[in-house]
Each structure stands twice: as C-alpha cells, then as structure tokens.
Amino acid sequence: MRGAWCVVLALVLGCATVLPVAAQEEQPAWLPLALLDRHRGLWLASANGGARVAALEGVEITSVEWSPEGGRLAFTGLQDGRSVVGIVTTGVQLAGRVLDAASTIAWSGDGRWLAWSDGSRVVIANREGDPV
C-alpha cells in the first residue's frame with residue numbers, strides 16, 4: 001500500500017505545473033534619452049525624438065550624469081542665479097527635484113548612492129536623493 005501512495009504522489013508532483021507570475025511593470029512612453037534644449041532645459045524623449053516630456057522647470061542645466069543602472073539622472077544647474085544639484089527619476093512617474101545648493105555630483109559604481117559637494121562639504125544620499 002505504501003508503494004501505491006508513492007506512485008500517486010509522484011504522479012501528482014510530476015503533473016503539477018507551477019506557472020511563474022511576473023509582475024507587469026508599466027513602461028514609460030519614452031526610452032532613456034535625455035535632451036537639453038537651447039535654454040538648457042532638461043527633457044526626456046523616446047528614441048525617435050517623439051513623446052518629449054519636460055523633466056523639470058526653472059533650472060538651467062549645466063551637467064547631467066546617468067545613474068549606472070540608467071533609472072535616474074543627477075544634474076547640476078543654475079536656479080535663480082545659484083548653483084544647485086538635483087535628481088530626476090525616469091520611470092513611469094517622471095519626477096525631478098532640486099536637492100541642495102552645490103556644484104558637483106557623482107554616483108557610486110553600483111548606483112545606490114549619490115554624492116554632491118559645494119566645495120566645503122560632501123553630502124551622501126540614497127538613490128532617491130535623501131541624505132543618509
């Protein structure tokens with residue numbers, strides 16, 4: 001009798017199919033293409049140049065650095081005459097914000113950390129731009 005249960009269990013386990021369920025993440029309308037206009041405004045666009053979306057307003061961008069994984073842009077710019085740094089997330093929900101008054105930015109090699117400096121201090125932040 002024990003042998004019959006082993007055969008039944010083997011058949012059940014062998015016939016049972018587990019289908020992987022993958023979360024479908026909504027894709028943005030653009031591909032990772034960053035553009036600067038003639039006024040140094042930052043835009044994201046699709047590879048063919050369509051579907052352009054302004055990343056943020058009121059900042060004249062001076063430099064941009066992609067995060068190593070490509071999901072974020074760190075930037076330096078001028079806002080109301082002062083040097084600032086900020087971050088733009090490039091997923092479905094585009095979000096850009098100024099983080100601090102500073103002039104240089106750098107991503108860690110793995111993209112987990114963002115650092116900026118104003119010449120007298122260095123700030124380390126997580127990939128969302130929140131200082132740690």
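**Exercise 1. Is D130 buried, partly exposed or exposed?**

*Solution.* This is a predicted model, so let's work with its computed values.
Step 1: look up the relative accessible area of D130, which is 36%.
Step 2: compare that value with the cut-offs, where buried means under 20% and exposed means over 50%.
Step 3: D130 falls in between, so it is partly exposed.

**Exercise 2. Find the residue that meets D130 in a salt bridge, and say where both partners sit in the chain.**

*Solution.* Step 1: start from the side chain of D130, which pairs with the side chain of R97 at 3.2 Å, N to O.
Step 1: D130 lies in the segment after β10, while R97 belongs to strand β7. They are 33 residues apart, so the pair links distant parts of the chain, by the strand numbering used here.
Step 2: check the cover on R97. Its relative accessible area is 38%, so R97 is partly exposed.

**Exercise 3. Which salt bridges does R121 make?**

*Solution.* Step 1: take D100 to begin with. Its side chain meets that of R121 in a salt bridge of 2.7 Å, N to O. This is another link between distant parts of the chain: D100 is in strand β7, R121 is in the loop between β9 (113-117) and β10, and 21 residues separate them.
Step 1: The closest N and O atoms of R121 and D118 are 3.1 Å apart.
Step 2: look at accessibility. R121 has 34% and counts as partly exposed; D118, with 32%, is partly exposed too.
Step 3: The whole structure holds 6 salt bridges, and a network of them links E69, R72, R127 and E128.

**Exercise 4. Work out the strand order of the open sheet and follow its pairing residue by residue.**

*Solution.* Step 1: the sheet has 3 strands in the order β1-β2-β3, with antiparallel pairing.
Step 1: find the edges. These are β1 (33-36) and β3 (53-54), each pairing on one side only.
Step 2: zoom in on β1 and β2 (residues 42-45), which pair over 4 bridges. Among the bridge partners, A34 goes with L44 and L35 goes with W43.
Step 3: trace the turn. β1 and β2 make a hairpin with 5 residues between them, and R40 in that turn has a positive phi of about 65°.

**Exercise 5. Where is T90, and is it buried or exposed?**

*Solution.* Step 1: locate T90 in the loop between β6 (82-89) and β7 (95-101).
Step 1: read off its relative accessible area, 10%; that makes T90 buried.
Step 2: look for a polar neighbour. A polar atom of the T90 side chain lies 2.8 Å from the backbone oxygen of G71.

**Exercise 6. Which residues make the nonpolar surface patch of about 390 Å²?**

*Solution.* Step 1: the patch is built by W113, V122, I124 and V132.
Step 1: pick out I124, which sits in strand β10 (residues 122-126). At 39% relative accessibility, I124 counts as partly exposed.
Step 2: The protein exposes about 8,600 Å², with 58% of that supplied by carbon and sulfur atoms.

**Exercise 7. How many helices and strands does the protein have, and how much of it is buried?**

*Solution.* Step 1: the tally is 1 helix and 10 strands.
Step 1: of the 132 residues, 28% are buried.
Step 2: among contacts with a separation of 6 or more, 26% join residues 24 or more positions apart.

Methods:
Residues numbered from 1 in each chain as written. Predicted model: local features only at pLDDT ≥ 70, side-chain atom pairs only at ≥ 80, totals over all residues. Heavy atoms only, no water. Pairing = 2+ DSSP bridges. Helix = DSSP H or I, 4+ residues; strand = E, 2+ residues; numbered from the N terminus. Buried < 20%, exposed > 50% of the residue type's maximum accessible area, 1.4 Å probe, protein only. Contact = heavy atoms within 4.5 Å. Areas by Shrake-Rupley, 256 points an atom, 1.4 Å probe, with all protein chains shown as cover. Patch = residues over 30% accessible without salt bridge, like charges linked within 9 Å, V, L, I, M, F, W, Y side chains within 5 Å. Salt bridge = Lys/Arg side-chain N within 4 Å of Asp/Glu carboxyl O. Polar contact = N/O pair within 3.5 Å; in protein donor to acceptor, adjacent residues only side chain to side chain.
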